[in-house]
Amino acid sequence: MTDDLVVLALLMGAVTYPWRAVPLLAPGFDRLPPLALEYLRLVGPAVLAALAAVAILVVTETSGAHRLQVGIELVAIVVAVAVVRWRRNVFLGILTAVLIVAIVRLATGG
Amino acid sequence: MPSSPSATPAADPSSADGETPSLRSARRRLILDGAGLSVSAIAFGLVYGLAARTGGLSLVEMLAMSVFVLAGAAQFAAIGLVAGGVPWLAILLLTTLLNARHVLYSAALAPWLASRRRLERAAIAYVLTDETFGLTLPHFRRLGRADLPGYWIATAFIVPTWFAANVIGYLGGQGIPDPTRFGIDVVFPAAMAGIAAALVSGRRELVAAVTGAAIAVGVSLALGPSAGIVAGGLLAPLLALLISHSPPPSDVELAGEYAVGPLPQHEDENETSGGSPTDHLMVAR
């Protein structure tokens, strides 16, 4: 077993870091106009909702094709969001979602 | 109240006269949310370690991926691509696309952290992941200002946990049961959806979240998940600005959003009043 892939890992890091760093390090982000700041404020809910939706609704087949999947996970996330809005508690929302999915999978053998 | 996020340097809360009750309260919430998300990091860190071993990576190579890339989806993809004999150039291209979403996190946090030293911002960028962003943005918004120790607390729940789980998964992963059996696979989407819901305070945020999810799913089905997430994160805020007819934010409003000082109302007062304009900033326990 060799360590050749360390170089690949370094290169992968080199193409990843700029995405993370450029806006934080670029000069001028502290002098953006109000509308641009409002846009950036909205990126948070938009991208987090996008991550959640893709994680539970989009399945990538071994062939590389992508398909829509609607299952108990969607129900669990909807309930979790309701719990977060009701109790204003993210941890409780996560716990609820996990319990729903675990119980249903246990019951159905899924 | 400053007229822009950078009008006054962000004060380090721990360097003043000790931690305020609101800071302690916000950090308690951060820790609880971090603990929840660390479960997901542990579960998938273990699976990644095991996958790397079965994919033929040495322990050093597996850890190098985690240390240098620090992005689970790209790491999992790389294992499969390496095992499939895909050229490195293609793997690097895919990694670039998979990790493009991080530019949105960085851009969203930049106004909060503009006054920090360049070296600090460079270090912050290195550990900026889905999870640290998801934990930190609501934390900053709860406080109404940046909290660098809070950022590192969030990081501590995710990054060392991920590394440790990788090693354990690599060395002894054969005995680990499938995390999906216990519903652990929904921890990450539940946390992201829950945090997004907690950030929704009005029509614009709601439109951004709902259209972000819809665009992401639609584009993902056509072009793949990475393109979908980036498209949702980029386009939904634009749509939210166009669709919702509220007037453009004034400097004062934005100063409240990115303020360096405390919010006008104490957050504990909001928790008991039920329905204040800053309710969205709280994710109460």
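Predicted model: local features only at pLDDT ≥ 70, side-chain atom pairs only at ≥ 80, totals over all residues.
Domain bounds here come from an automatic or database domain assignment. With that noted, I looked up chain A and got domain 1 (1-68) and domain 2 (71-110).

**Entry 1: chain A by itself**

I checked how far apart the two domains sit: the C-alpha centres of domain 1 and domain 2 of chain A are 26 Å apart. Next I went through the secondary structure and found four helices and two strands in chain A. Along the sequence they come in the pattern α-α-β-β-α-α. I then looked at the radius of gyration of chain A, which is 20 Å, while the globule rule gives 13 Å for 110 residues, so chain A is more spread out than a compact globule. The C-alpha trace of chain A spans about 55 × 50 × 25 Å along its principal axes.

**Entry 2: where chain A touches chain B**

How many residues of chain A are in contact with chain B? I found 69 of them, in contact with 98 residues of chain B. I wanted to know which elements of chain A supply that side. Helix 1 (5-25), helix 2 (34-57), strand 1 (58-60), strand 2 (66-68), helix 3 (72-87) and helix 4 (90-108) each give at least two residues. Helix 2 of chain A has the largest share, with 23 residues. Sorted by class, the side of chain A that touches chain B has 52 nonpolar, eight polar and nine charged residues.

**Entry 3: helix 2 of chain A on helix 9 of chain B**

I followed helix 2 of chain A over to helix 9 (residues 187-199) of chain B. Their axes are 8 Å apart and the packing angle is about 150 degrees. Angles over 145 degrees count as roughly antiparallel, so that is what these two helices are to each other. The crossing is left-handed. On the chain A side I noted residues including Gly44(A), Pro45(A), Leu48(A) and Ile56(A), and on the chain B side Phe188(B), Met192(B) and Leu199(B) are among them.

**Entry 4: helix 1 of chain A on helix 5 of chain B**

Parallel or antiparallel this time? Helix 1 of chain A and helix 5 (residues 102-113) of chain B pack at about 25 degrees, with axes 7 Å apart. That makes the two helices roughly parallel. Their crossing is right-handed. Among the residues making the contact I listed Trp19(A), Arg20(A) and Pro23(A) from helix 1 of chain A, and His102(B), Ser106(B) and Leu113(B) from helix 5 of chain B. By class I got ten nonpolar, two polar and one charged residues for this contact.

Conventions. Residues numbered from 1 in each chain as written. Chains lettered and ligands numbered in written order. Contact = placed C-beta atoms within 7 Å. Nonpolar A, V, L, I, M, F, W, Y, C, P; charged D, E, K, R; others polar. Axes fitted to C-alpha atoms, helices over the stretch in contact; angles between N-to-C directions. Parallel < 35°, antiparallel > 145°, perpendicular 65-115°, else oblique. Left-handed = near helix turned anticlockwise from the far one by under 90°. Rg over C-alpha atoms; globule rule 2.2 N^0.38 Å.
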